[in-house]
Number of protein chains: 2
Amino acid sequence: MDLNQKFKDFVSSQDLYVPQLSVDCVIFGFHQNQLKVLLVKTAGVDIWALPGGFVEQNEGIDEAALHILKERTGLTDIYLEQFRTFGHVDRGNPEFMKDYLNNIGIEMPDNHWIFRRFISIGYYALVNFSLITPTPGEMTEASEWFDIKQLPQLAFDHNDIIEKALDTLKLMLDTRLNTMDRWAASLLPETFTMIDLQNLFETILETTFHRNNFHRKMVSLELLEKLEKKFTGASNRAPYLYRFKSRIADLT
Amino acid sequence: MDLNQKFKDFVSSQDLYVPQLSVDCVIFGFHQNQLKVLLVKTAGVDIWALPGGFVEQNEGIDEAALHILKERTGLTDIYLEQFRTFGHVDRGNPEFMKDYLNNIGIEMPDNHWIFRRFISIGYYALVNFSLITPTPGEMTEASEWFDIKQLPQLAFDHNDIIEKALDTLKLMLDTRLNTMDRWAASLLPETFTMIDLQNLFETILETTFHRNNFHRKMVSLELLEKLEKKFTGASNRAPYLYRFKSRIADLT
DNA sequence: TCAAAAGTGTTAAATGTACACCCATGG
DNA sequence: CCATGGGTGTACATTTAACACTTTTGA
């Protein structure tokens, strides 16, 4: 069933989705030493927003988030974590929904819940940048990666949501180094150099580390497997490539 | 407007609350070296549950949580933190609401949202045990402190919710020592001994610390003010009393 | 004066931080 | 053979962990 059809079902059945509830996903990617966020521009509304959606009556909220990610990225098996629910009374701009529905040619009664304040459950996802080609979906006219340092003004309180997602991500980097193979692997290609890994940490945490200390720390976790050297063509020593040990299990 | 009246308004107006959404509060207290949770038993339903409530259309979710805490504890100005939202498809037991509404003499149509799966936003609160006398409210026949180690079987997925709240609390203790004066103060009386503080940490984190190392660590944070000695009557050296420096500002 | 419990000091291990040096690579 | 940048070793500082000793209190 396509999304447009689902939307139209609002009129005949109010029972498809949980009213006034939505899920918003902050999809993080890492590319050229920049932390990126995937944003979408909804058809007929000239403002960028987080990819989001509603929760069906017969699905859990985690499943709803996975659905949205599947739609936007084509990927399943994504690193996904709920981080906070947003429900201030003044978080919505009701014009958004009016413009949007108007544009796709759907009429809804003024008192429908779609025009009310939404409670939105925030999830963040970590994905491999190079595996995703942002392509407009059925409901969106555009889909693009944005540098987290250069975000436009977003719909609703989505700027706040991203900020909170980033805070949570930073906290995880600091406190869950020992499970790095589960989340760092999601942001990096299968093989990478030690410098790549360091850049990832430095970019997200907005700090710098001493090369050798970082190197030793990572090796001491015993999560990495050293592979052959990577010859870049540059006139300097070739770095080793690494891979997370847990990846080997994934491949079998 | 009393709660019972509010409930009756469901019938005439479906617009008072956000449908299918609730807020559940895990209220932590500390007493006799035990971490306690305040639970309520709803009139006519023979099962303990977390104190919770609905979100009014014209209030934010944080405000809703504060309302619930005010109702249950009489306290305002409580340390409160949102930790997770629960929304599995099978989290509810529909019989609960039927029994409950039946008992308080309210009839609702079978297809009303009150009988559906709820999405529940979890908050945890830290309160001073001795300031609260659990008293049954209008909607509850009982209200009691339970040792976190000896919880009964609870309604819905409330056992899971408490477990997750405790996990989050532990994580905070580990990672936010420097803001201890904001949360530890909520669980302790205004003045306390160093051993009291140590017991609090050890109970929640389920570990033990060396007395002197703990002492030095706490002093080094410069959040504590040493007061006069506390003579307990025991035949040993009297411990000093301490108070969080930030408390002084509170008193002015 | 003794046991109990609190306060304080000292040392060793572990960890974190900074710097120095060595090695491979292509021009 | 030189500049560049990655790999590795070592010394120092800081933090953490463990233990020993001293002080105060009421019996």
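This is a predicted model: local features need pLDDT of at least 70, side-chain atom pairs count only at pLDDT 80 or more; totals for chains, interfaces and linings use all residues.
Start with the rings. Over all chains, the structure holds 26 aromatic pairs. One of them joins B:Phe54 and B:Trp113. Their centres are 5.7 Å apart, and their planes stand at 90 degrees. That geometry is edge-to-face, because an angle over 60 degrees counts as such. B:Phe54 belongs to strand S4 of chain B, residues 52-56. B:Trp113 sits in the loop between helix H3 (95-103) and strand S6 (119-126) of chain B.

Now turn to chain A. Here ring pairs link A:Tyr17, A:Phe54, A:Trp113 and A:Phe118 into a cluster. Rings in chain A also meet charges. A:Lys98 places its charged end over the ring of A:Phe115, 5.3 Å from the ring centre. A:Lys226 does likewise with A:Tyr240, at 4.1 Å from the centre of that ring.

Next comes a sheet in chain A. It is open and has 3 strands, in the order S8-S10-S9, with antiparallel pairing. Strand S8 (192-193) and strand S9 (224-229) stand at the edges. Each has a single partner strand, so one side of each lacks a neighbour in the sheet. S8(A) pairs with strand S10, residues 240-244 of chain A, over 2 bridges in the antiparallel sense. Within the sheet, A:Thr193 stands opposite A:Leu241 of S10(A).

Finally, look at DNA strand C. It is surrounded by 23 residues. The closest are A:Asn212, A:Phe231, A:Ser235, B:Asn212 and B:Asn236. Of the atoms of DNA strand C that come within 4 Å of the protein, sugar and phosphate account for 51%. By class, the surface near DNA strand C has 10 polar, 7 charged and 6 nonpolar residues.

Which parts of DNA strand C do individual side chains contact? A polar side-chain atom of A:Lys217 lies 3.4 Å from a phosphate oxygen. B:Arg211 has a side-chain N or O atom 2.9 Å from a base nitrogen of DNA strand C. For B:Asn212, a polar side-chain atom lies 2.3 Å from a base oxygen of DNA strand C. Two elements give two or more residues to the surface near DNA strand C: helix H7 (211-220) of chain A and helix H7 (211-220) of chain B.

Notes:
Residues are numbered from 1 along each chain as its sequence is written. Chains are lettered from A and ligands numbered from 1 in the order in which they are written. Side-chain values use heavy atoms; hydrogens and water are left out. Rings of Phe, Tyr and Trp (its six-membered ring) pair if their centres lie within 6.5 Å; planes under 30 degrees apart count as stacked, over 60 as edge-to-face and the rest as tilted. Helices (H or I, at least four residues) and strands (E, at least two) are DSSP runs, numbered from the N terminus. A charge sits over a ring if NZ of Lys or CZ of Arg is within 6 Å of the ring centre and within 35 degrees of the ring normal. Two strands pair if DSSP finds at least two bridges between them. A residue is near a molecule or strand if one of its heavy atoms lies within 4 Å of it. A polar contact is a pair of N or O atoms within 3.5 Å; within protein, one must be able to donate a hydrogen and the other to accept it, and residues adjacent in sequence count only if both atoms are side-chain atoms. Ala, Val, Leu, Ile, Met, Phe, Trp, Tyr, Cys and Pro count as nonpolar, Asp, Glu, Lys and Arg as charged, and the others, Gly among them, as polar.
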